[in-house]
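Look at the sequence and the model below.

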Amino acid sequence: EAKYSTLIRVLEIAGLKNTLNAYGHYTFFAPDNEAFQKFCEDNGKVSVEDFEKDYLVTLVRYHLIDV
């Protein structure tokens, strides 16, 4: 399993996968699967699938810095 497979799933759910593949200059702090597992546990969720789409969009944006 890829180290960032959960992040890719979050990007798919949030509808942002293509956005991050677009041309542009930005820094993205990419949480790995372990970080997402802890985040889910800390929030009483089993997986990222249990979060609302809007919540995941906001979460991704907190990890993205326009340069």
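Helices, of at least four residues, and strands, of at least two, are DSSP runs numbered from the N terminus. With these names, F29 is placed in the loop between β1 and α3. The model is a predicted one.

The protein contains 4 helices and 2 strands, and along the sequence they follow the pattern α-α-β-α-α-β. Its radius of gyration is 12 Å, close to the 11 Å that the globule rule gives for 67 residues, so the protein is as compact as a globular protein of that length. The C-alpha trace spans about 35 × 25 × 20 Å along the principal axes. Among contacts with a separation of 6 or more, 71% are between residues 24 or more positions apart. Of the 67 residues, 27% count as buried.

Helix α1 covers residues 5-14, and its buried residues are T6, L7, V10, L11, I13 and A14. These residues are on the same side of α1, because they cover an arc of only 165° around the axis. What covers them includes α2 (17-21), β1 (26-28), α3 (33-42) and α4 (53-62). After α1 comes G15, which has a positive phi, near 70°.

Which residues of α4 are buried? They are L56, V57, L59 and V60. Seen down the axis of α4, they fall within an arc of 160° and therefore line one face of the helix. This face packs against α1, β1, α3 and β2 (64-66). On the other side of α4, the residues D54, R61 and Y62 are exposed.

The surface also carries nonpolar side chains. F29, I65 and V67 form a nonpolar patch there, with about 310 Å² of accessible area together. F29 itself is partly exposed, at a relative accessible area of 48%. In another loop, the one between α3 and α4, lies S47. S47 is partly exposed as well, at 25% relative accessibility.

Side chains of opposite charge can pair when their charged atoms come close. How many salt bridges does the structure hold? There are 4. One of them joins E12 and R9, with the closest N and O atoms 3.2 Å apart. E12 and R9 are 3 residues apart in helix α1, so about one helical turn separates them. Both are partly exposed: E12 has a relative accessibility of 39%, and R9 has 33%. E12 also meets K17 in a salt bridge, at 3.5 Å from N to O. K17 is partly exposed, with a relative accessible area of 35%.

In helix α3, D42 and K38 are 4 residues apart, about one turn of the helix. The two form a salt bridge whose closest N and O atoms are 3.0 Å apart. D42 is exposed, with 55% relative accessible area, whereas K38 counts as partly exposed at 48%. Elsewhere, salt bridges that share partners join R9, E12, K17 and E49 into one network.

Key: Residues are numbered from 1 along each chain as its sequence is written. This is a predicted model: local features need pLDDT of at least 70, side-chain atom pairs count only at pLDDT 80 or more; totals for chains, interfaces and linings use all residues. Side-chain values use heavy atoms; hydrogens and water are left out. Buried means under 20% relative accessible area, exposed over 50%, partly exposed in between (1.4 Å probe, protein chains only). The arc is that of the directions from the helix axis to the C-beta atoms. Contact means heavy atoms within 4.5 Å. Patches are made of residues with over 30% relative accessible area and no salt bridge: like charges are joined within 9 Å, nonpolar side chains (Val, Leu, Ile, Met, Phe, Trp, Tyr) within 5 Å. Accessible areas come from the Shrake-Rupley method with a 1.4 Å probe; for residues, only the protein chains shown count as cover. The radius of gyration is taken over C-alpha atoms; the globule rule is 2.2 Å times the number of residues to the power 0.38.
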